[in-house]
Amino acid sequence: MPPRSSVPQLPGGPDAGQPVPRTPVDGLDLRAFAAISAALAARDEPRAAVLARAGLTELRWTSIETTWLLRVATALLQQDLSLSRDHDEAFAAAQAEIAARR
């Protein structure tokens, strides 16, 4: 793992010199973020309907999505694969749930 001080700082991202936070972003933890992302990717219903069901506006979702993606990217730059792995597992589980409802 490279020293965190040598990891580039992504504009708007978390401090690359510190461990990447895993705290909820505007009330959405990683699992909830992955579930909404999977529902949007499935395109089974309009985007606005998915976001409304989650109590989100487009602007709020964009902010949440950007923050989580910057966190994942920063963790990867730090050679910490755990956040990406956790996201991928949560996304796959959400996809499986969606497929089971079809």
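The model is predicted, so local features need pLDDT of at least 70 and side-chain atom pairs count only at pLDDT 80 or more, while totals for chains, interfaces and linings use all residues. Residues are numbered from 1 along each chain as its sequence is written, and side-chain values use heavy atoms, with hydrogens and water left out. The protein chain holds four helices and zero strands. Helices are DSSP runs of H or I with at least four residues, strands are runs of E with at least two, and both are numbered from the N terminus.

**Overall architecture**

- From the N terminus on, the order of elements in the protein chain is α-α-α-α.
- The C-alpha trace of the protein chain spans about 45 × 25 × 20 Å along its principal axes.
- Of the 102 residues in the protein chain, 33% are buried; buried means under 20% relative accessible area, exposed means over 50%, and partly exposed lies in between (1.4 Å probe, protein chains only).
- Among contacts in the protein chain with a separation of 6 or more, 70% are between residues 24 or more positions apart; a contact means heavy atoms within 4.5 Å.

**Nonpolar core**

- The largest nonpolar core has 20 residues, of which Ile36, Leu56, Trp61, Ile64, Trp68 and Leu83 touch the most other members.
- Helices H1, H2, H3 and H4 each supply at least two residues of this core, and H1 gives the most to this core, with six residues.
- A nonpolar core is defined as a set of buried Ala, Val, Leu, Ile, Met, Phe, Trp, Tyr and Cys residues joined through side-chain atoms within 4.5 Å.
- Not counting residues up to four places away in sequence, Ile36 touches Leu28, Val50, Leu51, Ala54, Leu56 and Trp61.

**Largest pocket**

- The largest pocket contains about 220 Å³ of space.
- Its lining comprises 13 residues, and Ala35, Ile36, Ala39, Ala94 and Arg101 lie nearest the centre of the pocket.
- Helix H1 (30–42), helix H2 (47–53) and helix H4 (82–101) are the elements that give two or more residues to the lining of the largest pocket.
- H4 provides the largest share of the lining of the largest pocket, six residues.
- The lining of the largest pocket divides into nine nonpolar, no polar and four charged residues; Ala, Val, Leu, Ile, Met, Phe, Trp, Tyr, Cys and Pro count as nonpolar, Asp, Glu, Lys and Arg as charged, and the others, Gly among them, as polar.
- A pocket is an open set of points on a 1 Å grid over the protein atoms alone, where a 1.4 Å probe fits, with protein on both sides within 12 Å along at least five of seven lines; lining residues have an atom within 4 Å of a point.
- Grid points are joined across faces, edges and corners, and a volume is the space filled by probe spheres set on the points.

**Residues of helix H3**

- Thr74 lies in helix H3 (residues 58–77) and is buried, with a relative accessible area of 1%.
- A polar atom of the Thr74 side chain lies 2.9 Å from the backbone oxygen of Leu70.
- Leaving aside neighbours within four places in sequence, Thr74 is in contact with Leu10, Pro14, Ala16 and Val20.
- Thr67 also belongs to helix H3, and its relative accessibility of 28% makes it partly exposed.
- The backbone oxygen of Ser63 lies 2.9 Å from a polar atom of the side chain of Thr67.
- Thr67 and Ala32 are 35 residues apart in sequence, with 14 Å between their C-alpha atoms.
- Leu76, in helix H3, is partly exposed at 37% relative accessibility.
- Leaving aside neighbours within four places in sequence, Leu76 is in contact with Leu81 and Ser84.

**A residue of helix H1**

- Ala38 is found in helix H1 and counts as buried at 2% relative accessibility.
- Beyond neighbours within four places in sequence, Ala38 is in contact with Phe91, Ala94, Gln95 and Ile98.
- Ala38 and Gln78 are 40 residues apart in sequence and 26 Å apart in space, C-alpha to C-alpha.

- Asp26 is not a glycine, yet has a positive phi of about 50°.
- Asp26 sits in the segment before H1 and is partly exposed, with a relative accessible area of 46%.
- Gln79, in the loop between H3 and H4, has a positive phi of about 65° although it is not a glycine.

Key. Polar contact = N/O pair within 3.5 Å; in protein donor to acceptor, adjacent residues only side chain to side chain.
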